[in-house]
2 protein chains.
Amino acid sequence: MTLTEQISAVAARVEQRLTGYLAGVRGPAQPPERLAEAMRYAVLGGGKRLRPFLLIECAALFGVKLENALDAAAALECAHCYSLVHDDLPAMDDDNLRRGRPTLHLAFDEATAILAGDGLLTLAFEILATPQTHSDPAVRGALTLGLARAAGWGGMAGGQSLDLEAEGKTLKVDEIRYLQALKTGALIEYACAAGGILGKAEGADRMALETFGRLLGQAYQLADDLLDVTGDKHKLGKETGKDGRAGKATLVAVLGVDKARLELERLEREAIASLQRFGARADTLVETARFVSRREH
Amino acid sequence: MTLTEQISAVAARVEQRLTGYLAGVRGPAQPPERLAEAMRYAVLGGGKRLRPFLLIECAALFGVKLENALDAAAALECAHCYSLVHDDLPAMDDDNLRRGRPTLHLAFDEATAILAGDGLLTLAFEILATPQTHSDPAVRGALTLGLARAAGWGGMAGGQSLDLEAEGKTLKVDEIRYLQALKTGALIEYACAAGGILGKAEGADRMALETFGRLLGQAYQLADDLLDVTGDKHKLGKETGKDGRAGKATLVAVLGVDKARLELERLEREAIASLQRFGARADTLVETARFVSRREH
């Protein structure tokens with residue numbers, strides 16, 4: 001199986017698990033249909049499921065079977081999709097296209113999009129706190145705390161706030177790095193760390209996963225910014241050239257395309273180096289780091 | 001001490017704890033200042049802190065000291081304030097006034113209000129998952145799961161979705177009750193249940209708290225709807241008559257003021273009756289039920 005086939009196979013299992021959760025049959029109360037419909041639209045509309053894949057592969061380093069990582073992976077994807085829905089809102093990035101379809105507030109309405117995002121974020125925590133996600137409550141607690149920190153004001157939400165403030169301003173390189181570490185880095189780092197939490201990784205193993213996640217997050221964002229300048233709208237399933245038009249602060253804008261490419265290569269090398277202690281067990285993660293840096297969509 | 005003094009004294013302690021959390025010094029990353037400022041505006045602007053008070057008093061039935069219930073109470077208030085911020089948004093209820101001050105999206109901007117709500121909801125889960133909230137990870141897990149269910153698509157967010165859908169429609173009494181059970185009932189029921197979780201209440205004790213919370217939630221909403229018709233804007237610190245103008249479905253509109261008052265009295269009686277097994281230990285909660293039903297703001 002090629003890496004792309006592996007990612008697709010895992011994505012199908014994640015999709016299946018998400019479909020189960022979003023059918024709304026697991027909780028005690030039947031959720032209102034329109035809201036449930038909107039949440040399904042936001043989550044089940046495709047996507048590479050990269051973060052769940054990272055979580056599952058990092059957990060696999062410690063012998064955790066796919067089946068036993070799927071709930072945590074589904075929770076993570078709910079949190080990721082919540083952030084996409086809210087970021088796309090008119091008051092935020094005002095995007096029309098997401099994964100090749102109208103964004104949620106256009107397909108439904110703005111109030112429903114806000115609530116669907118709220119519902120998905122909350123569902124992420126519900127899943128993490130559910131005993132079937134892991135039998136050990138301390139593991140569930142660590143997963144919950146990690147997601148809350150990665151997604152909250154000192155993570156993803158904070159990064160989005162900085163991103164909005166930065167529009168039209170000229171940020172320094174360090175400020176851009178900080179912004180991106182919060183906005184996209186934190187959740188990708190969490191994906192890797194969460195695999196370690198599920199696998200009860202300790203000490204240097206855990207730190208290696210965090211380092212890998214941090215570097216991979218930086219590579220992911222840089223690749224994304226490069227694609228916004230050089231990529232193909234149809235392959236991407238979203239608008240390109242938007243960052244430039246919005247005056248958004250990106251490393252590509254500050255460093256230029258060539259220097260940004262060199263930095264991306266460095267990040268890829270360092271991310272791969274951070275996996276060395278796991279030997280051949282980490283081959284898939286090594287390939288994933290290459291994929292993330294070199295992807296065309 | 002009168003009940004009002006007691007509530008104020010507890011509110012001051014909750015405020016203090018919230019101030020500590022919202023100073024942003026406890027987490028690993030320093031949150032962006034503008035977002036942190038908005039979150040403080042949303043949370044530290046007064047309010048009776050009724051839900052934290054209920055949690056603390058229900059926990060006290062089982063010997064839990066105030067000090068040991070404050071973190072869970074602060075988390076609950078964060079989740080409550082998140083819902084106020086998002087409900088007030090232009091795309092939702094479009095409110096201008098909250099606790100006697102401009103709503104968050106007017107004091108800051110819409111994007112910041114969305115993110116501040118997101119940040120507060122996430123912070124609620126961060127606090128609940130933090131070991132200092134309770135030493136037993138199973139207790140923290142139960143608190144987390146309970147809040148997620150109460151706040152999510154099958155609870156508060158679902159209720160808000162139904163409420164928006166209901167505008168201009170004529171709902172049946174049962175549909176209104178279902179909507180309100182989700183929109184305001186779920187979090188008040190959780191406040192009482194969470195006190196029991198903190199106190200490791202079991203069986204009939206736990207059920208009694210849930211019943212009390214459910215009835216109190218219904219009473220709270222009915223009193224609120226009555227105040228919207230008969231109350232004083234200045235005492236309330238928010239607009240009155242809004243439900244009627246928005247064509248919102250309330251029991252008062254369907255039953256009329258007199259029948260609604262009778263139902264409120266019945267709810268108060270039944271809520272108090274559900275506390276019988278706790279004897280004099282529940283005196284403060286009994287008084288609270290009276291206060292909630294008879295309040296003027």
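Residues are numbered from 1 along each chain as its sequence is written, and chains are lettered from A and ligands numbered from 1 in the order in which they are written. Because the model is predicted, local features need pLDDT of at least 70 and side-chain atom pairs count only at pLDDT 80 or more, while totals for chains, interfaces and linings use all residues.

Chain A has 15 helices and two strands; helices (H or I, at least four residues) and strands (E, at least two) are DSSP runs, numbered from the N terminus. The C-alpha trace of chain A spans about 50 × 50 × 35 Å along its principal axes. For 297 residues, a compact globule would have a radius of gyration near 19 Å, and the 18 Å of chain A agrees with this. The radius of gyration is taken over C-alpha atoms, and the globule rule is 2.2 Å times the number of residues to the power 0.38.

The same surface serves both copies, since 100% of the contact residues of chain B recur in chain A.

The contact takes 48 residues from chain B and 48 residues from chain A, where two residues are in contact if their C-beta atoms, placed from the backbone, lie within 7 Å. On the side of chain B that touches chain A, α2 (33-43), α6 (110-129), α7 (137-151) and α8 (156-166) each supply at least two residues. The largest share, 13 residues, comes from α6(B). By class, this side of chain B has 26 nonpolar, 15 polar and seven charged residues. Ala, Val, Leu, Ile, Met, Phe, Trp, Tyr, Cys and Pro count as nonpolar, Asp, Glu, Lys and Arg as charged, and the others, Gly among them, as polar.

Helix α7 (residues 137-151) of chain A packs with α7(B) at an angle of about 50 degrees, their axes 8 Å apart. Axes are lines fitted to C-alpha atoms, for helices over the stretch in contact, and angles run from 0 to 180 degrees between N-to-C directions. The angle makes α7(A) oblique to α7(B); angles under 35 degrees count as roughly parallel, over 145 as roughly antiparallel, 65 to 115 as roughly perpendicular and the rest as oblique. Pro137(A), Ala138(A), Arg140(A), Gly141(A) and Thr144(A) of α7(A) make the contact with Pro137(B), Ala138(B), Arg140(B), Gly141(B) and Thr144(B) of α7(B). This contact has four nonpolar, four polar and two charged residues.

Within chain A, α7(A) also packs with helix α9 (residues 173-198), at an angle of about 175 degrees and with axes 9 Å apart. The two helices α7(A) and α9(A) are therefore roughly antiparallel to each other. Residues of this contact include Leu143(A) and Leu147(A) of α7(A) and Tyr190(A) and Ile197(A) of α9(A). The residues of the contact divide into 13 nonpolar, one polar and one charged.

In chain B, helix α10 (residues 203-230) and helix α14 (residues 257-273) pack at an angle of about 155 degrees, with their axes 9 Å apart. That makes α10(B) roughly antiparallel to α14(B).
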